[in-house]
Amino acid sequence: MSAASTGKERSRCWDVAKYAILSRLVALLLGIASNAVINDYDSSASLILPTKSSAGQGGGIRRLAQVVVHWDAFYFTHIAESGYVYEQEHAFFPLLPLLMRLLSRTVLVPLESRVGPQLALVVAGVLISNVSFVLASTTLYKLGRDTLRSERLAYAGALLFILAPSSMFMSVVYTESLFAYLVFSALLLIERRRYVLAALVLCVSTLCRSNAIVYAGFFWWSLVVLPYVQQRRGSQQAEPIQMAFKAAFQVACAAALTAISALGFVAFQAYGRQALCHQQLLPRDHSARPYCSGAATVYGFVQEHYWDNGFLRYYTPNQIPNFALAAPMVALSICGLWAYATSDPARAVTLGVCRRREEDSAGPSRRPLLASAYLGDRLLPHIYLWALLLCVAVTTMNIQVITRFFSSVPVVFWYAAHVVCGSNSSSNRRQRRAVVWYFAGYGLAGVVLFSNFFPPA
(Lines give C-alpha, C1' and ligand atoms only; values in the text may rest on other atoms or scores of the structure.)
Protein backbone atom coordinates (compact mmCIF):
# COMPACT_ATOMS: atom_id res chain seq x y z
CA MET A 1 0.00 0.00 0.00
CA SER A 2 1.43 3.37 -1.01
CA ALA A 3 2.05 6.19 1.46
CA ALA A 4 -0.70 8.26 -0.18
CA SER A 5 -3.17 5.38 0.12
CA THR A 6 -2.20 4.79 3.74
CA GLY A 7 -2.63 8.48 4.52
CA LYS A 8 -6.06 8.53 2.90
CA GLU A 9 -7.13 5.45 4.87
CA ARG A 10 -6.06 7.06 8.13
CA SER A 11 -7.90 10.25 7.25
CA ARG A 12 -11.06 8.31 6.38
CA CYS A 13 -10.77 6.22 9.57
CA TRP A 14 -10.54 9.39 11.61
CA ASP A 15 -13.61 10.81 9.84
CA VAL A 16 -15.54 7.59 10.51
CA ALA A 17 -14.45 7.64 14.16
CA LYS A 18 -15.60 11.26 14.59
CA TYR A 19 -19.02 10.52 13.10
CA ALA A 20 -19.31 7.39 15.26
CA ILE A 21 -18.51 9.34 18.45
CA LEU A 22 -20.98 12.07 17.49
CA SER A 23 -23.72 9.52 16.79
CA ARG A 24 -23.23 7.89 20.22
CA LEU A 25 -23.43 11.24 21.98
CA VAL A 26 -26.62 12.10 20.10
CA ALA A 27 -28.17 8.70 20.85
CA LEU A 28 -27.42 8.85 24.59
CA LEU A 29 -28.49 12.50 24.96
CA LEU A 30 -31.72 11.83 23.07
CA GLY A 31 -32.33 8.80 25.25
CA ILE A 32 -31.82 10.79 28.44
CA ALA A 33 -34.07 13.59 27.19
CA SER A 34 -36.87 11.24 26.13
CA ASN A 35 -36.65 9.35 29.42
CA ALA A 36 -37.07 12.64 31.26
CA VAL A 37 -40.35 13.52 29.52
CA ILE A 38 -41.89 10.09 28.87
CA ASN A 39 -42.94 7.67 31.59
CA ASP A 40 -41.34 4.25 31.38
CA TYR A 41 -43.54 1.50 29.98
CA ASP A 42 -42.03 -0.73 32.71
CA SER A 43 -40.70 0.65 36.01
CA SER A 44 -38.36 -2.27 36.76
CA ALA A 45 -35.25 -0.13 36.31
CA SER A 46 -36.21 2.21 39.13
CA LEU A 47 -36.84 -0.76 41.39
CA ILE A 48 -33.56 -2.54 40.68
CA LEU A 49 -31.14 0.37 40.47
CA PRO A 50 -29.89 2.12 43.63
CA THR A 51 -32.17 4.79 45.02
CA LYS A 52 -31.20 8.43 44.70
CA SER A 53 -30.10 8.52 48.34
CA SER A 54 -27.99 5.36 48.14
CA ALA A 55 -26.45 6.47 44.85
CA GLY A 56 -24.63 9.24 46.72
CA GLN A 57 -23.06 11.68 44.29
CA GLY A 58 -24.10 9.57 41.31
CA GLY A 59 -27.45 11.16 40.54
CA GLY A 60 -26.45 11.88 36.95
CA ILE A 61 -25.09 8.37 36.50
CA ARG A 62 -28.31 6.95 37.91
CA ARG A 63 -30.26 8.91 35.30
CA LEU A 64 -27.99 7.42 32.63
CA ALA A 65 -28.55 3.95 34.08
CA GLN A 66 -32.33 4.43 33.88
CA VAL A 67 -31.87 4.89 30.13
CA VAL A 68 -29.37 2.13 29.32
CA VAL A 69 -30.40 -0.65 31.73
CA HIS A 70 -33.49 -2.16 30.13
CA TRP A 71 -34.39 -5.57 28.75
CA ASP A 72 -31.28 -7.79 28.38
CA ALA A 73 -29.10 -5.17 30.06
CA PHE A 74 -30.57 -6.27 33.40
CA TYR A 75 -29.09 -9.73 32.87
CA PHE A 76 -25.65 -8.50 31.85
CA THR A 77 -25.49 -6.14 34.83
CA HIS A 78 -26.63 -8.82 37.27
CA ILE A 79 -24.15 -11.37 35.89
CA ALA A 80 -21.34 -8.82 36.17
CA GLU A 81 -22.36 -8.11 39.74
CA SER A 82 -23.25 -11.57 41.07
CA GLY A 83 -22.24 -14.16 38.49
CA TYR A 84 -24.57 -16.76 36.96
CA VAL A 85 -27.27 -17.33 39.58
CA TYR A 86 -30.30 -18.37 37.50
CA GLU A 87 -30.62 -20.93 34.73
CA GLN A 88 -32.05 -18.46 32.22
CA GLU A 89 -28.96 -16.25 32.60
CA HIS A 90 -27.00 -18.80 30.60
CA ALA A 91 -28.56 -17.32 27.47
CA PHE A 92 -26.16 -14.41 27.98
CA PHE A 93 -22.49 -15.00 27.31
CA PRO A 94 -19.80 -13.96 29.81
CA LEU A 95 -17.39 -11.73 27.88
CA LEU A 96 -19.21 -8.43 28.40
CA PRO A 97 -19.92 -9.06 32.12
CA LEU A 98 -16.30 -10.08 32.68
CA LEU A 99 -15.01 -6.92 30.99
CA MET A 100 -17.50 -4.82 32.97
CA ARG A 101 -16.29 -6.31 36.24
CA LEU A 102 -12.64 -5.91 35.25
CA LEU A 103 -13.09 -2.27 34.29
CA SER A 104 -15.12 -1.37 37.37
CA ARG A 105 -12.52 -2.94 39.67
CA THR A 106 -9.54 -1.27 38.04
CA VAL A 107 -9.94 1.96 36.09
CA LEU A 108 -13.30 2.84 37.67
CA VAL A 109 -12.39 2.11 41.30
CA PRO A 110 -12.54 5.84 42.24
CA LEU A 111 -15.99 6.08 40.67
CA GLU A 112 -17.17 2.91 42.42
CA SER A 113 -16.27 4.35 45.80
CA ARG A 114 -18.51 7.36 45.09
CA VAL A 115 -21.57 5.81 43.38
CA GLY A 116 -21.48 2.18 44.42
CA PRO A 117 -20.57 -1.05 42.59
CA GLN A 118 -23.76 -1.42 40.55
CA LEU A 119 -23.66 2.00 38.92
CA ALA A 120 -19.92 1.60 38.32
CA LEU A 121 -20.69 -1.62 36.45
CA VAL A 122 -23.29 0.20 34.35
CA VAL A 123 -20.77 2.91 33.46
CA ALA A 124 -18.26 0.21 32.55
CA GLY A 125 -20.79 -1.47 30.27
CA VAL A 126 -21.65 1.81 28.54
CA LEU A 127 -17.98 2.65 28.03
CA ILE A 128 -17.24 -0.80 26.59
CA SER A 129 -20.18 -0.65 24.20
CA ASN A 130 -19.47 2.85 22.92
CA VAL A 131 -15.72 2.43 22.52
CA SER A 132 -16.37 -0.88 20.77
CA PHE A 133 -18.82 0.85 18.44
CA VAL A 134 -16.24 3.41 17.35
CA LEU A 135 -13.67 0.66 16.80
CA ALA A 136 -16.22 -1.44 14.92
CA SER A 137 -17.02 1.49 12.61
CA THR A 138 -13.39 2.04 11.64
CA THR A 139 -12.73 -1.69 11.32
CA LEU A 140 -15.73 -2.10 9.02
CA TYR A 141 -14.31 0.68 6.84
CA LYS A 142 -10.96 -1.12 6.61
CA LEU A 143 -12.68 -4.43 5.90
CA GLY A 144 -14.72 -2.79 3.15
CA ARG A 145 -11.61 -1.35 1.52
CA ASP A 146 -9.89 -4.74 1.51
CA THR A 147 -12.93 -6.76 0.43
CA LEU A 148 -14.80 -4.46 -1.92
CA ARG A 149 -11.72 -2.74 -3.33
CA SER A 150 -13.89 0.36 -3.44
CA GLU A 151 -13.10 3.36 -1.28
CA ARG A 152 -16.51 4.89 -1.91
CA LEU A 153 -18.59 1.86 -0.92
CA ALA A 154 -16.37 1.09 2.08
CA TYR A 155 -16.79 4.61 3.41
CA ALA A 156 -20.52 4.73 2.72
CA GLY A 157 -20.99 1.32 4.35
CA ALA A 158 -19.21 2.49 7.50
CA LEU A 159 -21.39 5.61 7.67
CA LEU A 160 -24.53 3.53 7.26
CA PHE A 161 -23.33 1.25 10.06
CA ILE A 162 -23.18 4.36 12.24
CA LEU A 163 -26.83 5.06 11.29
CA ALA A 164 -27.86 1.42 11.76
CA PRO A 165 -31.46 0.64 12.78
CA SER A 166 -30.03 -1.05 15.88
CA SER A 167 -28.52 2.31 16.93
CA MET A 168 -29.48 2.39 20.63
CA PHE A 169 -28.50 -1.23 21.23
CA MET A 170 -24.96 -0.29 20.21
CA SER A 171 -24.65 2.21 23.08
CA VAL A 172 -26.24 0.44 26.03
CA VAL A 173 -25.23 -2.55 28.15
CA TYR A 174 -25.62 -5.02 25.28
CA THR A 175 -23.12 -7.13 23.37
CA GLU A 176 -23.88 -5.81 19.87
CA SER A 177 -21.03 -3.30 19.57
CA LEU A 178 -18.42 -5.52 21.21
CA PHE A 179 -19.42 -8.46 19.05
CA ALA A 180 -19.44 -6.41 15.85
CA TYR A 181 -15.94 -5.13 16.58
CA LEU A 182 -14.61 -8.64 17.24
CA VAL A 183 -16.26 -10.14 14.15
CA PHE A 184 -15.17 -7.32 11.83
CA SER A 185 -11.63 -7.68 13.20
CA ALA A 186 -11.63 -11.43 12.59
CA LEU A 187 -12.92 -11.01 9.03
CA LEU A 188 -10.28 -8.37 8.34
CA LEU A 189 -7.57 -10.72 9.60
CA ILE A 190 -8.91 -13.52 7.40
CA GLU A 191 -8.96 -11.17 4.42
CA ARG A 192 -5.30 -10.44 5.13
CA ARG A 193 -4.56 -14.19 5.60
CA ARG A 194 -3.65 -13.94 9.27
CA TYR A 195 -5.64 -17.04 10.06
CA VAL A 196 -4.37 -18.05 13.50
CA LEU A 197 -4.90 -14.61 14.97
CA ALA A 198 -8.35 -14.50 13.34
CA ALA A 199 -9.22 -17.84 14.97
CA LEU A 200 -8.17 -16.50 18.37
CA VAL A 201 -10.34 -13.42 17.88
CA LEU A 202 -13.29 -15.63 16.92
CA CYS A 203 -12.61 -17.75 20.00
CA VAL A 204 -13.05 -14.65 22.12
CA SER A 205 -16.11 -13.74 20.04
CA THR A 206 -17.81 -17.03 20.95
CA LEU A 207 -17.61 -15.87 24.57
CA CYS A 208 -19.68 -12.88 23.47
CA ARG A 209 -22.38 -14.38 21.23
CA SER A 210 -23.11 -17.90 20.03
CA ASN A 211 -23.41 -17.00 16.34
CA ALA A 212 -19.70 -16.13 16.21
CA ILE A 213 -18.97 -19.73 15.27
CA VAL A 214 -20.62 -19.37 11.84
CA TYR A 215 -17.94 -16.86 10.84
CA ALA A 216 -15.44 -19.73 10.96
CA GLY A 217 -16.93 -20.62 7.60
CA PHE A 218 -14.65 -17.97 6.11
CA PHE A 219 -11.67 -20.20 6.96
CA TRP A 220 -13.21 -22.97 4.86
CA TRP A 221 -13.94 -20.55 2.06
CA SER A 222 -10.45 -19.09 1.97
CA LEU A 223 -8.50 -22.33 2.51
CA VAL A 224 -10.67 -24.99 0.87
CA VAL A 225 -13.38 -23.61 -1.42
CA LEU A 226 -11.45 -20.80 -3.09
CA PRO A 227 -8.45 -22.99 -4.08
CA TYR A 228 -10.90 -25.57 -5.46
CA VAL A 229 -12.71 -22.92 -7.48
CA GLN A 230 -9.44 -21.57 -8.84
CA GLN A 231 -8.35 -25.07 -9.79
CA ARG A 232 -11.65 -25.78 -11.55
CA ARG A 233 -11.36 -22.54 -13.48
CA GLY A 234 -7.95 -23.66 -14.66
CA SER A 235 -5.95 -20.89 -13.05
CA GLN A 236 -3.93 -23.42 -11.04
CA GLN A 237 -2.39 -26.61 -12.45
CA ALA A 238 -0.68 -29.35 -10.43
CA GLU A 239 -0.17 -33.11 -10.29
CA PRO A 240 -3.17 -35.07 -8.90
CA ILE A 241 -1.19 -36.47 -5.93
CA GLN A 242 0.18 -33.04 -5.08
CA MET A 243 -3.31 -31.57 -5.32
CA ALA A 244 -4.72 -34.29 -3.04
CA PHE A 245 -2.08 -33.70 -0.36
CA LYS A 246 -2.54 -29.95 -0.60
CA ALA A 247 -6.32 -30.29 -0.32
CA ALA A 248 -6.00 -32.57 2.72
CA PHE A 249 -3.66 -30.11 4.40
CA GLN A 250 -6.02 -27.20 3.70
CA VAL A 251 -8.99 -29.13 5.11
CA ALA A 252 -6.97 -29.98 8.24
CA CYS A 253 -5.98 -26.34 8.68
CA ALA A 254 -9.56 -25.13 8.27
CA ALA A 255 -10.79 -27.76 10.75
CA ALA A 256 -8.13 -26.78 13.30
CA LEU A 257 -8.94 -23.08 12.96
CA THR A 258 -12.64 -23.85 13.36
CA ALA A 259 -11.92 -25.86 16.50
CA ILE A 260 -9.92 -22.97 17.96
CA SER A 261 -12.76 -20.58 17.09
CA ALA A 262 -15.31 -22.76 18.91
CA LEU A 263 -13.30 -23.13 22.13
CA GLY A 264 -14.96 -20.16 23.84
CA PHE A 265 -18.46 -21.49 23.19
CA VAL A 266 -17.50 -25.02 24.26
CA ALA A 267 -15.89 -23.77 27.47
CA PHE A 268 -18.96 -21.71 28.40
CA GLN A 269 -21.28 -24.67 27.80
CA ALA A 270 -19.06 -26.90 29.91
CA TYR A 271 -19.12 -24.32 32.68
CA GLY A 272 -22.91 -24.09 32.49
CA ARG A 273 -23.34 -27.84 32.69
CA GLN A 274 -20.96 -28.05 35.65
CA ALA A 275 -22.64 -25.18 37.49
CA LEU A 276 -26.22 -26.27 36.87
CA CYS A 277 -26.04 -30.05 36.94
CA HIS A 278 -23.41 -30.75 39.58
CA GLN A 279 -23.85 -27.93 42.09
CA GLN A 280 -27.57 -28.37 42.80
CA LEU A 281 -28.57 -25.01 41.37
CA LEU A 282 -31.53 -26.45 39.48
CA PRO A 283 -34.98 -27.39 40.79
CA ARG A 284 -35.59 -30.92 41.99
CA ASP A 285 -36.48 -32.10 38.52
CA HIS A 286 -33.10 -31.00 37.12
CA SER A 287 -32.43 -34.57 35.99
CA ALA A 288 -34.99 -33.93 33.26
CA ARG A 289 -32.78 -31.21 31.80
CA PRO A 290 -31.46 -32.63 28.51
CA TYR A 291 -28.08 -30.96 28.87
CA CYS A 292 -27.41 -32.84 32.13
CA SER A 293 -27.75 -36.29 30.62
CA GLY A 294 -27.35 -35.86 26.88
CA ALA A 295 -25.51 -33.93 24.21
CA ALA A 296 -27.78 -30.87 24.33
CA THR A 297 -26.24 -27.51 25.22
CA VAL A 298 -27.33 -25.33 28.10
CA TYR A 299 -27.64 -22.40 25.71
CA GLY A 300 -29.90 -24.27 23.30
CA PHE A 301 -32.20 -25.45 26.07
CA VAL A 302 -32.46 -22.02 27.69
CA GLN A 303 -33.25 -20.33 24.38
CA GLU A 304 -36.03 -22.81 23.69
CA HIS A 305 -37.41 -23.06 27.22
CA TYR A 306 -37.35 -19.42 28.30
CA TRP A 307 -37.39 -17.46 25.02
CA ASP A 308 -39.46 -19.82 22.89
CA ASN A 309 -36.86 -20.02 20.12
CA GLY A 310 -37.30 -22.91 17.73
CA PHE A 311 -38.32 -23.76 14.20
CA LEU A 312 -41.48 -21.78 13.31
CA ARG A 313 -42.42 -21.46 17.00
CA TYR A 314 -42.72 -17.69 16.59
CA TYR A 315 -45.34 -17.99 13.88
CA THR A 316 -48.42 -17.13 15.95
CA PRO A 317 -51.02 -14.37 15.54
CA ASN A 318 -49.66 -12.57 18.62
CA GLN A 319 -46.33 -12.04 16.88
CA ILE A 320 -47.70 -10.29 13.78
CA PRO A 321 -46.60 -6.84 15.10
CA ASN A 322 -43.05 -8.13 15.59
CA PHE A 323 -42.98 -9.52 12.06
CA ALA A 324 -44.14 -6.11 10.83
CA LEU A 325 -41.26 -4.43 12.69
CA ALA A 326 -38.81 -6.87 11.14
CA ALA A 327 -40.26 -6.59 7.63
CA PRO A 328 -38.03 -3.73 6.38
CA MET A 329 -34.81 -5.55 7.30
CA VAL A 330 -36.12 -8.79 5.82
CA ALA A 331 -37.07 -6.92 2.63
CA LEU A 332 -33.65 -5.23 2.47
CA SER A 333 -31.99 -8.62 2.85
CA ILE A 334 -34.08 -10.26 0.15
CA CYS A 335 -33.38 -7.37 -2.24
CA GLY A 336 -29.64 -7.53 -1.54
CA LEU A 337 -29.47 -11.29 -2.05
CA TRP A 338 -31.61 -11.09 -5.18
CA ALA A 339 -29.52 -8.31 -6.71
CA TYR A 340 -26.33 -10.29 -6.21
CA ALA A 341 -27.74 -13.65 -7.31
CA THR A 342 -29.38 -12.33 -10.47
CA SER A 343 -26.23 -10.48 -11.52
CA ASP A 344 -24.68 -13.93 -12.15
CA PRO A 345 -26.96 -16.89 -11.29
CA ALA A 346 -24.40 -19.48 -12.36
CA ARG A 347 -21.84 -18.10 -9.94
CA ALA A 348 -24.34 -18.01 -7.08
CA VAL A 349 -25.35 -21.69 -7.37
CA THR A 350 -21.91 -23.19 -8.10
CA LEU A 351 -19.76 -21.55 -5.38
CA GLY A 352 -18.30 -19.39 -8.12
CA VAL A 353 -17.01 -22.31 -10.22
CA CYS A 354 -19.18 -21.26 -13.15
CA ARG A 355 -19.82 -17.71 -14.19
CA ARG A 356 -21.99 -15.93 -16.71
CA ARG A 357 -20.27 -15.80 -20.09
CA GLU A 358 -18.52 -12.48 -20.44
CA GLU A 359 -20.06 -11.68 -23.79
CA ASP A 360 -23.56 -12.25 -22.34
CA SER A 361 -23.02 -10.09 -19.28
CA ALA A 362 -21.10 -7.10 -20.55
CA GLY A 363 -23.73 -5.48 -22.72
CA PRO A 364 -24.40 -1.76 -22.41
CA SER A 365 -27.40 -2.28 -20.15
CA ARG A 366 -25.39 -4.43 -17.75
CA ARG A 367 -22.15 -2.50 -17.43
CA PRO A 368 -23.23 -0.03 -14.73
CA LEU A 369 -24.55 -2.89 -12.59
CA LEU A 370 -21.57 -5.15 -13.06
CA ALA A 371 -19.18 -2.29 -12.39
CA SER A 372 -20.39 -2.11 -8.80
CA ALA A 373 -18.02 -3.55 -6.23
CA TYR A 374 -21.01 -5.06 -4.46
CA LEU A 375 -21.51 -7.55 -7.28
CA GLY A 376 -17.92 -8.82 -7.34
CA ASP A 377 -16.75 -12.38 -6.71
CA ARG A 378 -15.10 -11.41 -3.42
CA LEU A 379 -18.48 -10.93 -1.76
CA LEU A 380 -19.75 -14.42 -2.55
CA PRO A 381 -19.01 -15.95 0.91
CA HIS A 382 -20.60 -12.92 2.58
CA ILE A 383 -23.70 -13.45 0.46
CA TYR A 384 -23.93 -17.09 1.52
CA LEU A 385 -23.58 -16.08 5.17
CA TRP A 386 -26.28 -13.43 4.79
CA ALA A 387 -28.66 -15.94 3.23
CA LEU A 388 -28.00 -18.46 6.01
CA LEU A 389 -28.54 -15.94 8.79
CA LEU A 390 -31.69 -14.64 7.14
CA CYS A 391 -33.13 -18.17 7.04
CA VAL A 392 -32.26 -18.66 10.71
CA ALA A 393 -33.75 -15.31 11.71
CA VAL A 394 -37.10 -15.78 9.96
CA THR A 395 -37.61 -19.42 10.96
CA THR A 396 -36.20 -19.96 14.44
CA MET A 397 -35.59 -16.65 16.24
CA ASN A 398 -37.58 -13.90 17.91
CA ILE A 399 -37.91 -12.04 14.65
CA GLN A 400 -37.95 -8.53 16.11
CA VAL A 401 -34.24 -8.81 17.03
CA ILE A 402 -33.19 -9.11 13.38
CA THR A 403 -31.95 -5.52 13.18
CA ARG A 404 -29.40 -6.08 15.95
CA PHE A 405 -28.74 -9.66 14.84
CA PHE A 406 -27.61 -8.25 11.48
CA SER A 407 -25.56 -5.43 13.03
CA SER A 408 -22.48 -7.67 12.76
CA VAL A 409 -23.08 -8.71 9.13
CA PRO A 410 -20.92 -6.43 6.94
CA VAL A 411 -22.68 -7.18 3.67
CA VAL A 412 -25.91 -5.66 4.99
CA PHE A 413 -24.23 -2.26 5.09
CA TRP A 414 -22.36 -2.83 1.84
CA TYR A 415 -25.61 -3.51 0.02
CA ALA A 416 -27.19 -0.42 1.59
CA ALA A 417 -24.15 1.56 0.41
CA HIS A 418 -24.54 0.02 -3.05
CA VAL A 419 -28.09 1.39 -3.17
CA VAL A 420 -27.22 4.80 -1.73
CA CYS A 421 -24.23 5.26 -4.04
CA GLY A 422 -25.98 3.85 -7.12
CA SER A 423 -27.18 5.54 -10.25
CA ASN A 424 -29.34 8.64 -10.18
CA SER A 425 -32.33 7.09 -11.93
CA SER A 426 -35.78 7.75 -10.52
CA SER A 427 -36.19 4.19 -9.24
CA ASN A 428 -32.81 4.24 -7.53
CA ARG A 429 -33.55 7.61 -5.97
CA ARG A 430 -36.64 6.07 -4.36
CA GLN A 431 -34.60 3.12 -3.10
CA ARG A 432 -31.94 5.47 -1.76
CA ARG A 433 -34.49 7.51 0.16
CA ALA A 434 -36.10 4.35 1.52
CA VAL A 435 -32.79 2.98 2.81
CA VAL A 436 -31.64 6.26 4.40
CA TRP A 437 -35.02 6.97 6.00
CA TYR A 438 -35.28 3.41 7.29
CA PHE A 439 -31.81 3.44 8.82
CA ALA A 440 -32.09 6.89 10.39
CA GLY A 441 -35.80 6.77 11.25
CA TYR A 442 -35.85 3.32 12.80
CA GLY A 443 -32.65 4.07 14.67
CA LEU A 444 -34.00 7.28 16.19
CA ALA A 445 -37.35 5.67 17.05
CA GLY A 446 -35.44 2.82 18.68
CA VAL A 447 -33.57 5.29 20.89
CA VAL A 448 -36.84 6.68 22.27
CA LEU A 449 -38.50 3.29 22.65
CA PHE A 450 -35.57 1.57 24.36
CA SER A 451 -34.89 4.48 26.68
CA ASN A 452 -38.42 4.22 28.06
CA PHE A 453 -38.57 0.42 28.24
CA PHE A 454 -40.92 0.04 25.27
CA PRO A 455 -40.62 -2.93 22.91
CA PRO A 456 -39.16 -4.14 20.62
CA ALA A 457 -36.07 -5.40 22.38
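Which residue with a positive phi follows helix 9? Helix 9 is followed by Arg-193, whose phi is positive, near 65°. The model is predicted, so local features need pLDDT of at least 70, side-chain atom pairs count only at pLDDT 80 or more, and totals for chains, interfaces and linings use all residues. Residues are numbered from 1 along each chain as its sequence is written, and side-chain values use heavy atoms, with hydrogens and water left out.

The protein chain holds 22 helices and 0 strands. Both are DSSP runs numbered from the N terminus: helices are H or I with at least four residues, strands are E with at least two. Of the 457 residues of the chain, 50% count as buried. Buried means under 20% relative accessible area, exposed means over 50%, and partly exposed lies in between (1.4 Å probe, protein chains only). Contact means heavy atoms within 4.5 Å. Among contacts in the chain with a separation of 6 or more, residues 24 or more positions apart account for 74%.

Helix 9 covers residues 176-191 and has 16 residues. From first C-alpha to last it reaches 22 Å, close to the 22 Å expected at 1.5 Å a residue. The expected span is 1.5 Å times one less than the number of residues. Helix 9 is mostly covered, with 14 of its 16 residues buried. Arg-193 sits in the loop between helix 9 and helix 10 (195-205). Its phi is positive, about 65°, although Arg-193 is not a glycine. Arg-193 is exposed because its relative accessible area is 54%.

Leu-351 also is a residue other than glycine with a positive phi, near 60°. Its place is the loop between helix 16 (345-349) and helix 17 (358-361). At 37% relative accessibility, Leu-351 counts as partly exposed.

Helix 19 (380-396) has 17 residues, which should span 24 Å at 1.5 Å a residue. Its end C-alpha atoms are 24 Å apart, in agreement. Buried residues of helix 19 include Leu-380, Pro-381, His-382, Ile-383, Leu-385, Trp-386, Leu-389, Leu-390 and Ala-393. An α-helix has 3.6 residues a turn, so residues three or four places apart point the same way.

The largest nonpolar core contains 134 residues. Such a core is a set of buried Ala, Val, Leu, Ile, Met, Phe, Trp, Tyr and Cys residues joined through side-chain atoms within 4.5 Å. Val-68, Tyr-215, Tyr-374, Trp-386 and Phe-406 touch the most other members. Helix 7 (residues 117-148) gives the most to this core, 14 residues. Beyond residues up to four places away in sequence, Tyr-215 touches Phe-179, Val-183, Leu-187, Ile-190, Leu-202, Leu-385, Leu-389, Ser-408 and Val-409. In soluble globular proteins, nonpolar side chains tend to be buried together.

The largest pocket has a volume of about 1000 Å³. Of the 40 residues that line this pocket, Arg-209, Tyr-299, Gln-303, Asn-309 and Met-397 are the closest to its centre. Helix 4 (72-82), helix 14 (298-307), helix 19 (380-396) and helix 20 (402-405) are the elements that give two or more residues to the lining. Helix 14 supplies the largest share, 5 residues. By class, the lining has 24 nonpolar, 11 polar and 5 charged residues. Ala, Val, Leu, Ile, Met, Phe, Trp, Tyr, Cys and Pro count as nonpolar, Asp, Glu, Lys and Arg as charged, and the others, Gly among them, as polar. A pocket is defined on a 1 Å grid over the protein atoms alone, as an open set of points where a 1.4 Å probe fits, with protein on both sides within 12 Å along at least five of seven lines; lining residues have an atom within 4 Å of a point. Grid points are joined across faces, edges and corners, and the volume is the space filled by probe spheres set on them.

Three further residues were examined. Thr-77 lies in helix 4 and is buried, at 4% relative accessibility. Leaving out residues up to four places away in sequence, Thr-77 touches Val-69, Met-100, Gln-118, Leu-121, Val-122 and Val-173. Gln-400 is in the loop between helix 19 and helix 20. At 13% relative accessibility, Gln-400 counts as buried. Its contacts, neighbours within four places aside, are Tyr-314, Asn-322 and Pro-456. Glu-112 lies in helix 6 (residues 109-115) and is partly exposed, with a relative accessible area of 26%.
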